[in-house]
Amino acid sequence: MRAALLLPLLFLAGCERPTATSAPQPAPTTAPVEVEETAPEFDPTASVVRINSTRQGWNPGQPWEKNSPRKRRSLGAVVGDGKVLTTSEMVADATYVELETTDGRKLAPAKVAAVDYEANLALLSLEDPEDDFFAELTAVEIADPAKPGDELQIVQVENNGTPLVTRGPVQSLDIISNFLPGQFFLAYEVKASMQNSASSFTLPVFRDDKLAGLLTSYNSKDQLSDVTATDIVRRFIDDAADGSYEGFPSLGVSTSSTDDSNFRKWLKLPDEVGGVYVSSVRKDSGAEKAGLKEGDVVVGVDGHDIDQLGYYDDPDYGRLFWSHLVRGSKAVGETVELRVMRQGEPVTIEAILERRDNDSALVPAYTFDKAPNFLVKGGLVFQELSRPLLEAFGDEWQSRAPLELLDVLENPEKYEEKADRVVFLAGVIATPATVGYESLRNLIVSEVNGVEVRDMESLIKAFDNVPGDGLNAINFASEDFTVYLDEVVSTAVDGQLLERGLSRLSRSDEK
């Protein structure tokens with residue numbers, strides 16, 4: 001008996017997800033700002049180190065194996081107590097991280113002390129605390145927050161260790177997503193023409209010789225850089241200082257603008273108020289616990305009026321999106337006061353902010369540093385749904401991915417009562433046990449052998465409960481047919497799959 005081991009899935013296995021963050025590219029020959037490229041007024045190399053990481057994520061189409069390893073190189077800033085600040089992109093799925101002095105004379109293995117994938121920040125420390133790697137380095141202080149017009153210093157280091165400092169003004173501040181989609185944090189937009197020096201994935205940015213933030217992307221055409229704002233950097237470092245990182249809080253709502261006049265009339269909103277419409281409230285979130293409801297309109301947060309597009313006037317930074325009042329200005333456990341219009345009547349709500357637990361989400365937004373749960377049974381391949389799996393359908397995954405799976409992502413409340421994680425039939429390996437089922441894929445599993453499937457662990461256990469006729473019965477949420485899998489044949493196939501190259505047949509959180 002022969003069995004093909006490559007899954008005919010739509011996933012783009014082995015492809016690193018594209019991101020706006022990239023190494024600085026060569027700038028156009030004409031620059032609108034004056035750039036200092038040599039003899040900087042301060043020597044940043046005393047507080048800057050290189051970071052070398054080897055990353056190896058899991059293959060989305062074949063979850064029993066990893067993709068080929070990839071290497072990244074960046075600059076980080078020494079921020080005190082033997083810690084180095086970098087982006088979470090540098091440590092995501094990392095199998096090895098190494099610190100290197102800018103002159104290349106010292107190398108030291110490092111580990112992740114704290115990481116926040118949503119804010120795209122990470123702190124590194126030495127694997128060996130007795131290592132003298134930091135002996136000749138100086139921790140940099142954190143700068144005061146910058147404002148539009150303030151000059152920042154973007155630090156690069158040549159391969160020979162020579163520092164290269166590019167100066168540029170802060171043009172504006174905005175709430176942006178620089179790594180994970182849907183995760184928005186305060187950032188500076190800096191105008192500066194930069195050289196492509198030693199190809200660094202991210203760069204430290206200074207203000208008055210103090211750390212102002214991290215450069216996360218550079219557009220060589222427009223000569224604009226996005227820099228994680230000082231406020232966000234300081235909150236991250238302060239939170240991680242005690243060794244127990246809590247993270248940035250979340251209110252737990254999705255909102256939309258109220259600038260449509262007919263929509264405002266239907267919502268019974270007075271002309272003089274703005275507000276954002278609450279389109280959904282996440283289960284067990286701080287918003288739900290406080291009594292915020294779908295259909296409410298948030299017109300004010302902590303005394304700040306919210307306009308029809310969701311912006312408010314920040315006393316320091318100007319016009320910002322209202323989410324900064326939650327994710328950028330508050331800590332987990334703090335309270336936020338919401339002024340709400342509910343069916344035309346004013347309501348005041350106080351919500352205690354919490355950290356959203358990605359691991360407990362119905363559809364995790366990211367799966368870094370964690371092996372995927374899966375089961376191969378007789379050639380049927382089952383996986384737990386996650387956003388990265390949907391994104392594996394390509395750049396246009398929001399239109400290419402199966403509608404049923406996209407519906408889970410967009411409307412999780414419809415599925416949360418019946419599942420803790422959505423398990424679906426991801427693909428089929430052609431074997432004697434799967435004859436006639438080869439075309440099945442991307443179907444949500446509801447029951448196996450009469451047992452409700454709530455996650456991968458319950459699926460694995462359900463297959464242990466084999467019916468008396470020896471046929472495993474698999475039912476799907478949106479289909480009216482049953483797939484039958486012969487236990488004897490599928491067990492024989494499983495043995496041959498292991499012999500022919502599969503490293504394992506299953507993985508779950510409990511195993």
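Biologist: Are arginine 327 and glutamate 118 buried or exposed?

Modeller: This is a predicted model, in which local features need pLDDT of at least 70 and side-chain atom pairs count only at pLDDT 80 or more, while totals for chains, interfaces and linings use all residues. Residues are numbered from 1 along each chain as its sequence is written, and side-chain values use heavy atoms, with hydrogens and water left out. Buried means under 20% relative accessible area, exposed over 50%, and partly exposed in between, with a 1.4 Å probe and protein chains only. On that basis, both arginine 327 and glutamate 118 are buried.

Biologist: How many residues apart are arginine 327 and glutamate 118?

Modeller: The two form a salt bridge whose closest N and O atoms lie 2.7 Å apart. Arginine 327 belongs to helix H4 (residues 324-327) and glutamate 118 to the loop between strand E5 (107-116) and strand E6 (121-126), so that distant parts of the chain are linked over a separation of 209 residues. A salt bridge is a side-chain nitrogen of Lys or Arg within 4 Å of a carboxyl oxygen of Asp or Glu; helices (H or I, at least four residues) and strands (E, at least two) are DSSP runs numbered from the N terminus. The separation asked for is 209 residues.

Biologist: Which residues are linked with Arg327 in a network of salt bridges?

Modeller: The salt bridge count is 24. One network of these contacts includes Arg327 and links it with Asp116, Glu118 and Arg355.

Biologist: What is the relative accessible area of arginine 167?

Modeller: The side chain of arginine 167 meets that of glutamate 151 in a salt bridge of 3.3 Å, N to O. This pair joins strand E8 (residues 163-176), which holds arginine 167, to strand E7 (residues 151-157), which holds glutamate 151. Glutamate 151 counts as partly exposed because its relative accessibility is 43%. Arginine 167 is instead buried, with a relative accessible area of 10%.

Biologist: Why are glutamate 457 and lysine 461 separated by about one helical turn?

Modeller: An α-helix has 3.6 residues a turn, so residues three or four places apart point the same way. Glutamate 457 and lysine 461 form a salt bridge of 3.7 Å between the closest N and O atoms. Glutamate 457 is buried at 10%, whereas lysine 461 is exposed at 52%. The separation is about one turn because, in helix H8 (residues 456-464), the two residues are apart by 4 residues.

Biologist: How many residues of H8 are buried?

Modeller: H8 is mostly covered. Among its buried residues are Met456, Leu459 and Phe463.

Biologist: Which backbone nitrogen does the side chain of glutamate 384 reach at 2.8 Å?

Modeller: Glutamate 384 sits in strand E22 (residues 380-384) and counts as buried because its relative accessibility is 9%. Its side chain makes a polar contact with that of arginine 421 at 3.3 Å. A polar contact is a pair of N or O atoms within 3.5 Å; within protein, one must be able to donate a hydrogen and the other to accept it, and residues adjacent in sequence count only if both atoms are side-chain atoms. The backbone nitrogen reached at 2.8 Å is that of methionine 456.

Biologist: In what order do the 6 strands close into a barrel?

Modeller: Two strands pair if DSSP finds at least two bridges between them. Strands E9 (residues 185-191) and E12 (residues 224-228), for example, pair in the antiparallel sense over 5 bridges. The barrel pairing is antiparallel, and the order is E7-E8-E9-E12-E11-E10.
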